[in-house]
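Biologist: I am new to this one and would like to learn how its descriptions are reached. Could you take me through it step by step?

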Amino acid sequence: MMRKAQIKRKTKETDVFVSIDLDGKGISDINTGVGFLDHMLELFAFHGQFDLSVTCHGDLQVDSHHTIEDIGIALGKSIKEALGDKKGIHRYGSFTIPMDETLLSVCLDMSSRPYLVFNVCLDNVLLGNYQTEMTEEFFRATAFNAGMTLHINEHYGKNMHHIIEACFKAFARALKEAVSIDRQRKDEIISSKGVL
C-alpha cells in the first residue's frame, strides 16, 4: 500500500507544494523562505519518519503569516489524502517530550472531526522571520485540513525555540503512532461506526 500524496496550492499570496510519504525514512527537502519553519518541518519529518518535501514562494515582504498558514493547509491535505480510507491505522497517537526546561504533550485522533486545543504560552516574538504566534495557526490549519482532533498542551517551559520545537517533535511522534498500521486489525476501520 502506497501512502503518499502530493498537494499543490496556489493563491495570490502563496505558491505551495507538499509531498509526503507516511512510510518513509525521515528524508526531507524543505524550502519555505522561513528558516525556522524549515528547521521545524525537517524535525517533523525526521521524528515521524515521513519523507517530506515542501516548497513555498510566499509574500514574505508582508510577513510570514500567509506562508506558514498555507503550508499547514497543504500539509494537512496531504496527510488526509495519503491516508485514504484509514483502514488499519491505530488512529490515536500521543507523545510527551522533554526539551531542556520544557515539557509538552501532543494527543491526536485521526477522527475526521477536526478540532484544535492549543494550550501553549508563546511570547509574540520573531525567531528569524518566523512569527511565534503563527505556531497555533499552523497547527490549526494542519488539523482542520487533515481531519484530526489535535490537543497540544505545554506543561511548562520558558524558551520559545524549545517550546515550539517540542510542539513539532511531539506532533511528529504522535502522528507516527496514529497513522501506523495495526497488523492485527489491518483490514478494519478502527471505529465502532465502521468509518472514519
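This is a predicted model: local features need pLDDT of at least 70, side-chain atom pairs count only at pLDDT 80 or more; totals for chains, interfaces and linings use all residues.

Biologist: Why is T142 called buried?

Modeller: Buried means under 20% relative accessible area, exposed means over 50%, and partly exposed is in between (1.4 Å probe, protein chains only). T142 has a relative accessible area of 0%, so it is buried.

Biologist: Which residues is T142 in contact with, leaving aside its neighbours within four places in sequence?

Modeller: Those are G72, L75, G76, I79 and F171. Contact means heavy atoms within 4.5 Å.

Biologist: What makes F36 and Y130 an aromatic pair, and why is it called tilted?

Modeller: A search of the whole structure finds seven aromatic pairs. F36 and Y130 are one of them, with 4.8 Å centre to centre and 50 degrees between the planes. Rings of Phe, Tyr and Trp (its six-membered ring) pair if their centres lie within 6.5 Å; planes under 30 degrees apart are stacked, over 60 edge-to-face, and the rest tilted, so this pair is tilted.

Biologist: What does the pair of F36 and Y130 tie together?

Modeller: F36 lies in helix α1 (residues 35-48) and Y130 in strand β9 (residues 130-131), so the pair ties together parts that are 94 residues apart in sequence. F36 counts as buried at 9% relative accessibility, and Y130 does too, at 0%.

Biologist: How do you know that F44 and F50 are a tilted pair?

Modeller: Their rings are 5.2 Å apart centre to centre, with 40 degrees between the planes. F44 is buried at 1%, and F50 counts as buried at 0%. F44 and F50 also belong to one aromatic cluster with F138, F139, F168 and F171.

Biologist: What makes the phi of K86 worth a remark?

Modeller: Most residues other than glycine have a negative phi. K86 is not a glycine, and its phi is positive, near 70 degrees. Its place is the loop between α2 (65-83) and β5 (92-99). K86 counts as buried, at 4% relative accessibility.

Biologist: And is D100 buried or exposed?

Modeller: D100 has a relative accessible area of 64%, so it is exposed. D100 also has a positive phi, about 55 degrees, although it is not a glycine, and it lies in the loop between β5 and β6 (102-109).

Biologist: How do you know that the radius of gyration of the protein chain agrees with a compact globule?

Modeller: The radius is taken over C-alpha atoms, and the globule rule is 2.2 Å times the number of residues to the power 0.38. For 196 residues a compact globule would be near 16 Å, and the protein chain has 16 Å, so the values agree. The chain holds four helices and 10 strands, and buried residues make up 53% of its 196 residues.

How values were computed
Residues are numbered from 1 along each chain as its sequence is written. Side-chain values use heavy atoms; hydrogens and water are left out. Helices (H or I, at least four residues) and strands (E, at least two) are DSSP runs, numbered from the N terminus.
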